[in-house]
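Subject: Structure handover

Hello,

Here is the structure for your files. My notes follow below it.

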Amino acid sequence: MHVLEEGRGMTTSSSSLIRRLAPYFSARLRQNSRLLSSSSALPVSQLSSLESPSSRTDAVHLTENCVRRMKELQADEGTEKLLRLSIEAGGCSGFQYNFLLDDKTNDDDRIFEQDGVRLVVDNISFDFVKGATVDYVEELIRSAFQVSTNPSAVGGCSCKSSFMVK
């Protein structure tokens with residue numbers, strides 16, 4: 001049985017869970033803040049000076065299937081779309097991958113290019129996917145972009161749409 005705290009609308013077990021998780025999330029925010037302040041992200045305007053993604057160990061890589069599918073989508077759209085990968089809190093394992101087609105970049109984006117296909121990852125999400133590989137998978141029940149390997153993840157759900165951080 002859950003008891004509502006007066007005036008807050010929160011159950012005792014929820015507030016207890018929040019109190020237990022608060023130090024973890026505070027530590028992760030401090031760690032991400034330190035990582036971002038020491039980050040070597042270049043603005044989009046300096047894109048031409050970036051190294052080849054395959055030569056960098058912290059780059060996000062694209063499989064041949066991913067590149068092929070993006071080229072098909074670009075041909076269908078008639079425009080050069082970008083594949084945007086972002087990380088959101090939630091999912092069955094704690095964090096979830098979110099893919100969308102985009103036509104613009106932001107100042108804090110990191111851009112990885114392979115065979116004319118560009119993957120865009122914002123600076124905060126990049127901390128969660130350094131060294132990861134993005135694939136396009138076609139299965140009986142669905143076809144989707146997914147992160148096939150992620151060195152920052154210790155586990156995840158079977159559908160590979162969410163993960164836990166090391």
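Residues 24 or more positions apart account for 51% of the contacts in the protein chain with a separation of 6 or more; contact means heavy atoms within 4.5 Å. The model is predicted, so local features need pLDDT of at least 70, side-chain atom pairs count only at pLDDT 80 or more, and totals for chains, interfaces and linings use all residues. Residues are numbered from 1 along each chain as its sequence is written, and side-chain values use heavy atoms, with hydrogens and water left out.

Confidence comes next. pLDDT is the predictor's confidence in each residue, from 0 to 100. Its mean over the protein chain is 74, and 56% of the residues reach 70 or more. Over residues 1-8 pLDDT stays under 50, and the model has 13 contacts beyond four places in sequence for them. Over residues 37-55 it also stays under 50, with 24 such contacts. Where pLDDT is low, the predicted coordinates should not be read in detail.

Now the fold. The protein chain has three helices and nine strands. Helices (H or I, at least four residues) and strands (E, at least two) are DSSP runs, numbered from the N terminus. Along the sequence the pattern reads α-β-α-β-β-β-β-α-β-β-β-β.

Two strands pair if DSSP finds at least two bridges between them. β1 and β6 (residues 133-138) run parallel and are joined by two bridges. Leu62 has Val134 in β6 as its bridge partner.

What about burial? Buried means under 20% relative accessible area, exposed over 50%, and partly exposed in between (1.4 Å probe, protein chains only). Buried residues make up 36% of the 166 residues in the protein chain.

A nonpolar core is a set of buried Ala, Val, Leu, Ile, Met, Phe, Trp, Tyr and Cys residues joined through side-chain atoms within 4.5 Å. The largest one has 25 residues. Those with the most contacts inside it include Leu83, Phe99, Val134 and Phe145. Elements giving two or more residues to this core include α2, β2 (82-89), β3 (95-102) and β5 (117-122). The most comes from α2, with four residues. Leu83 touches Cys66, Met70, Phe99, Val134 and Phe145, among others, not counting residues up to four places away in sequence.

- Tyr97 is found in β3 and is buried, at 12% relative accessible area. Its side chain makes a polar contact with the side chain of Asn150 (2.9 Å). A polar contact is a pair of N or O atoms within 3.5 Å; within protein, one must be able to donate a hydrogen and the other to accept it, and residues adjacent in sequence count only if both atoms are side-chain atoms.
- Ile111 lies in β4 and is buried, at 7%. Its C-alpha atom is separated from that of Leu83 by 9.8 Å.
- Asp115 lies in the loop between β4 (109-114) and β5. Its phi is near 50 degrees, a positive value in a residue other than glycine. Asp115 counts as exposed, at 54% relative accessibility.

Best wishes
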